[in-house]
Amino acid sequence: MTILEPIDAYPTQRIAGYPVRAGRSLPFGATRVPGGVNFSVFSNHATSVTLVLYREGEPEPMAELPFPESFRVGSVYAMTVFGLDVERLEYGYRVDGPRRPWQGHRFDPDTVLSDPYARMLTGHGPYRHRSRVTLDDFDWEDDRPPRLPHEDLVIYELHVRGFTRHPSSGVSAPGTYAGLVEKIPYLRELGVNCVELMPVFEFDETDNVFTGVNYWGYSPIGFFAPKASYAATGRDHMQVDEFKHLVKELHRAGIEVLLDVVFNHTAEGDERGPTISFKGLDNATYYMLTADGHYYNFSGTGNTLNCNHPVVRGFVLDCLRYWAAECHVDGFRFDLAAILGRGADGELLHNPPLLESLAYDPILRDRKLIAEAWDAAGLYQVGSFPHYSRWSEWNGRYRDTVRRYVKGDLGVTGELATRMVGSPDMYSRRGAAATVNFVTSHDGFTLRDLVSYDHKHNEANGEGNGDGDDANNSWNCGHEGETDDPAVLALRARQQRNALLLLLASRGVPMLLAGDEIGRTQLGNNNAYCHDGPLTWLDWGLRERNADLFRFTRRAIAFRRAHPVLRGGSPGSVHWHGVRAWSPDWAAHSRVVAALFDGGGNDCVYVAANSHWESHTLELPAAPRGQTWHLFADTAAAPPMDAFEPGSEPPLANQSQLSIGPRSIAILVTH
Amino acid sequence: MRLQRELRGGVTVISMDGQLDSETAPRVQQDLQALFPEEGLVVLDLSRTLYMSSAGLRVLLLIYRQAQHSTVRLALTGLSPDVRAIMDATGFLGFFTVVESVEEGVEALTV
């Protein structure tokens, strides 16, 4: 077969010694075309744009190519440059325009800017913000996203570096996408079917005035660029291949991949922050600005991306389509998503065009969209986020209720019941998939710390322990911090199981924080965004030291997966009980409640919760359909009797009563 | 980049001497195709390949895919630890039969 060469694969003129021709405006970014590279960049207010080319690692440019006026279409500058060796090329843009900050314009032709569409940044060293051109072909073979029903997910939130960076991980490339591939068997054994990766877009790891370290990465620079330092091959500029390989291998194991994405702000900060990309390309378009050109700060980090501006909206959409279509990512969790419903002045929009576009986008149709439905300026939309029947939400109220119940607060038993059945007070018309339930996340205490500390201990963050949330609903079980008191340790072990079991027996999509299944601690630090070390890395020695907790969690996940009734169903499939069968006690002083989830057949589960410090004897409803009750889990029992292998639960000796221990959860199943 | 072909037993051994990167890749791809037999066993010896870039790995994969569509069977040998690590992390390694020596390659391909 003869492939005709395109008739525009020839230069028409030379600029700065390079053969070029007028480029194609779309797609934005740097795209390989026959014989060359097409560069396209947007700026509405620029007076001139120059393409700056570097040989890799060189301090000075090898060429600067001003875009001729004839190469501009509207506000898009496009040029095809021929004869470039893309593997040794770094590039950026020099953009001139008005320097009138009071009008929102901060052009600075002395700074070479990153391409916001760059699919790779150099990612390390003094030139880490320079853009690179990717070879974007990848052999996906027959990769298919698992396309699991949303309500069947068990999400596992992890930090790519922290998951395998600890020397105990035993992987060949610690702290990388490749290292994570080596831990897929662990994820399979645990039973989770979805990983949510904390930010993997390029960010500046030194972006923190207190410790000099930004570990979490909620301050993006390159929205299309997988973080090079998370790739074993980053220095060889193969992070895109390595990331795609990770997705492909996770899919092969039946595990979906969600990305935690940050579209509410960037690493450029406010007036005092650096100029890296958007600020110098078109500050007034990309950021929400006050009438006198200052930055609105709804994100708590200095600036706010102007995400409902039509150009920025297009940028966000292009970005998500890239990750979905080219990188096969299965969905996204949007950091501080309430901001995405704000207009240019921060006002709340009733029909936010960005959220609507994402909800109805053809490429994103089957991808999960999960909102962290609040922002740093007090907008709290859990239950009221504009969802278009597509968006689900991190359910902060689930977290708070389960925490309060487990630590023994009075007056929350009724609300716990509501949270356990998918929070119908907020999501009745949207089904169980609308609520992502969690007790812990990266943001706050780990599960072990939740039961070990009354107060946060963030001294090492260098902010006088003033950072991080004070309202944790945590309880130290009698001693603040590490202890060898066996009674305290036993109670903590039980409290961790209580939280895990409630989470995995609730309707909605459960999300686990990586390491909670083996008792990871951050020594009471509830805002460890600024530590890249043993405090935040997962110590794999815990897998052996807390083997009991791992086994318990694995069985609880397997049990959930064996029982569809726990994942969704009609309100009529849940019946409430208390100390007396069929008589739940919704009084404020009640600490005991039991839910009977009956999906028919063998899919019948009785979940009893007791947050009282005394035992109680519960009268059991008769097991339906002439079956008998079997004990799946009892957090008051010593391991390994705290949970049984799903399918092999022993029958209950007394079919009419269940004794439930102090501060414990028990689950029965019919056979 | 220099390519050399020799026959050892019934096996075509092609050794690649130099750098395989975006500059040399198009030429190497052409030359490799020219050196490939119509059928039989081929071992690509990379022990004198000093550097392998992202584009270089793509050449190897393209050659491998072509071999799959013909009756040629292909193995790689002489991977440096660095190249091997890169191929492992990006999944390229999984596509190939990789052997420790030409002799082992003959054995692996004829089994």
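User: Which side chain does a polar contact of 3.2 Å join to that of Ser219(A)?
Analyst: A polar contact is a pair of N or O atoms within 3.5 Å; within protein, one must be able to donate a hydrogen and the other to accept it, and residues adjacent in sequence count only if both atoms are side-chain atoms. Here the partner is Asp207(A), at 3.2 Å. The side chain of Asn214(A) also makes a polar contact with that of Ser219(A), at 3.1 Å. The model is predicted: local features need pLDDT of at least 70 and side-chain atom pairs pLDDT 80 or more, while totals for chains, interfaces and linings use all residues. Residues are numbered from 1 along each chain as its sequence is written, chains are lettered from A and ligands numbered from 1 in the order written, and side-chain values use heavy atoms, without hydrogens and water.

User: Is Ser219(A) buried or exposed?
Analyst: Buried means under 20% relative accessible area, exposed over 50%, and partly exposed in between (1.4 Å probe, protein chains only). Ser219(A) counts as buried because its relative accessibility is 5%. Ser219(A) sits in the loop between β16 (201-203) and β17 (220-226) of chain A; helices (H or I, at least four residues) and strands (E, at least two) are DSSP runs, numbered from the N terminus.

User: What phi does Arg147(A) have?
Analyst: Most residues other than glycine have a negative phi, and most peptide bonds are trans. Arg147(A) has a positive phi, near 50°. At 54% relative accessibility, Arg147(A) counts as exposed. Ser423(A) also has a positive phi, of about 50°, but Ser423(A) counts as buried, at 0%.

User: Where is there a cis peptide bond?
Analyst: One joins Leu26(A) and Pro27(A), with omega about 0°. Pro27(A) is in the loop between β2 (18-22) and β3 (29-33) of chain A. Another cis bond joins Pro639(A) and Pro640(A), with omega about 5°.

User: How many salt bridges cross the interface of chain A and chain B?
Analyst: A salt bridge is a side-chain nitrogen of Lys or Arg within 4 Å of a carboxyl oxygen of Asp or Glu. The rule finds 6 across this interface. Arg65(B) and Glu141(A) form a salt bridge at 3.9 Å, N to O.

User: How many residues of each chain are in contact?
Analyst: Contact means heavy atoms within 4.5 Å. By that rule, 17 residues of chain A are in contact with 19 residues of chain B.
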